[in-house]
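I opened this notebook to record what I looked up in the structure. The entries follow in the order in which I took up each topic.

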Amino acid sequence: MPPSSGSEGSPRRLSPFVFWAQTESNISLRVSLQDVSPPQIETSTNTLEFTAQGTGANAGRNQYYFKFVFFKDVDRKVQVIQKPIEIEIIVEKKELEWWPRLTKDAQKPAWLKLDFEKLKTYDDETDEEEDAYPSKTYNAAETLANLKNRKKNYQKKIEEFRKIYLFLYNLSQFIGFLYILIVMNLHYAKDGPAFMERAYPVVRTAFTFCQILQMLEVVHPLLGYTGGSAFAPFLQVSGRMFMLVGMINSEPRIQSKPAVFYLLYIYTLSEVIRYPYYMLRVYEKSIGFLTWLRYTIWIPLYPLGFLCEGIIILRNIPYFEETKRFSMFLPNMWNFSVYFPSVMRLYLLLGLFPLLYFAMTHMYRQRVKILGRGSRNKDD
């Protein structure tokens, strides 16, 4: 017996078997009924309701009914082709696209089947029917190939966006740090060592902006925009933000010390080399000398940078003891106390050298991975 439609508490109505197929522009519905009286078909922007008298499979002559909600909007005007053994309904889609299914509801009705005849070809239709509606060939292999091509095109667009974004990010950071380096060099060439006392106020705005923008480098690995772990960039960015905001910007008296000038210069010099290298790597390009410089300049700069950071923290301890900045004393709402100068001393004793060791080891592995591989290839 053919399936029935209806709900509890209402008469059950017979539903004919409906076979469907699609092209990019339309939906074809083939209703399996013989000797059908003129059907009543009501449509809306996304529904179709069918009622007709006819002879179905093993059920004799009865009234048949079905209704469903389309996956997406369609044209309310439909084409009906009545044949001795079936009724064909052509529904135009609002948008040119392939649908993953016919109905909005993922659960397919039992009376709704895939039309394998239409999956093969429309060529068996008469010339008159071909003029009435498009007869575009549709097959499963072609549909699968189209879906794969669309997926590849989508992934290609995502990859193009990723490359453009990373290139522009690295370019903007390179321009920012290059501007800072040029300003510092020009002022130092003009004023000599006297410029060290006012170096930080001169470049503070530009340096702070570039440093805040570097927080994106922690997000890039998490989004899959760059390879590797987010842990190493997190340590570097958070460490620099601590020095910039916590140690230098929060204490005006330390800003005039030579160690601040040297630290900013070391940070800037390393970034002016690093960002052009990454700009080229986005498009898998490289310059031999720049690659060597990127993975060699850290050898003197990292220890000098950590030395300057240690000096700044050590010189700041008396200032923080005087101002009590970042310290917390009882009583307070958290019932917790911390004396920040003691935290600074602990960091100098227990944290500075382990962090230096981690940074140097990480960069050494990167250097062996990049430069060492090239050496082995040459030996081969």
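I take helices as DSSP runs of H or I with at least four residues, numbered from the N terminus. The model is a predicted one.

Entry on Ser270. I located Ser270 in helix 7, which covers residues 258-282. Is Ser270 buried or exposed? I noted a relative accessible area of 14% for Ser270, and it counts as buried because the cut-off is under 20%. I then followed its side chain, which reaches the backbone oxygen of Tyr267 at 2.8 Å. Leaving out residues up to four places away in sequence, I found Ser270 touching Arg240 and Leu301.

Entry on helix 9. I looked up helix 9, residues 298-323, and noted its 26 residues. From first C-alpha to last, helix 9 reaches 35 Å, close to the 38 Å expected at 1.5 Å a residue. Where in helix 9 does the kink lie? I placed it at Ile317, shortly before the proline Pro318, with an angle of about 35°. After helix 9 comes Lys324, and I recorded its positive phi, near 60°.

I traced an open sheet of five strands in the order 8-9-4-3-10, with mixed pairing. Strand 8 (74-82) and strand 10 (112-114) each have a single partner strand, so one side of each lacks a neighbour in the sheet. I noted an average twist of 25° from one strand to the next. Within the sheet I examined strand 3 (residues 18-22) and strand 4 (residues 26-31), which pair in the antiparallel sense over five bridges. For Val18, I identified Val31 in strand 4 as the bridge partner.

Definitions and conventions. Residues are numbered from 1 along each chain as its sequence is written. This is a predicted model: local features need pLDDT of at least 70, side-chain atom pairs count only at pLDDT 80 or more; totals for chains, interfaces and linings use all residues. Side-chain values use heavy atoms; hydrogens and water are left out. Helices (H or I, at least four residues) and strands (E, at least two) are DSSP runs, numbered from the N terminus. Buried means under 20% relative accessible area, exposed over 50%, partly exposed in between (1.4 Å probe, protein chains only). A polar contact is a pair of N or O atoms within 3.5 Å; within protein, one must be able to donate a hydrogen and the other to accept it, and residues adjacent in sequence count only if both atoms are side-chain atoms. Contact means heavy atoms within 4.5 Å. Two strands pair if DSSP finds at least two bridges between them. Axes are lines fitted to C-alpha atoms, for helices over the stretch in contact, and angles run from 0 to 180 degrees between N-to-C directions. The expected span of a helix is 1.5 Å times one less than its number of residues. The bend at a residue is the angle between axes fitted to the seven residues ending there and the seven starting there.
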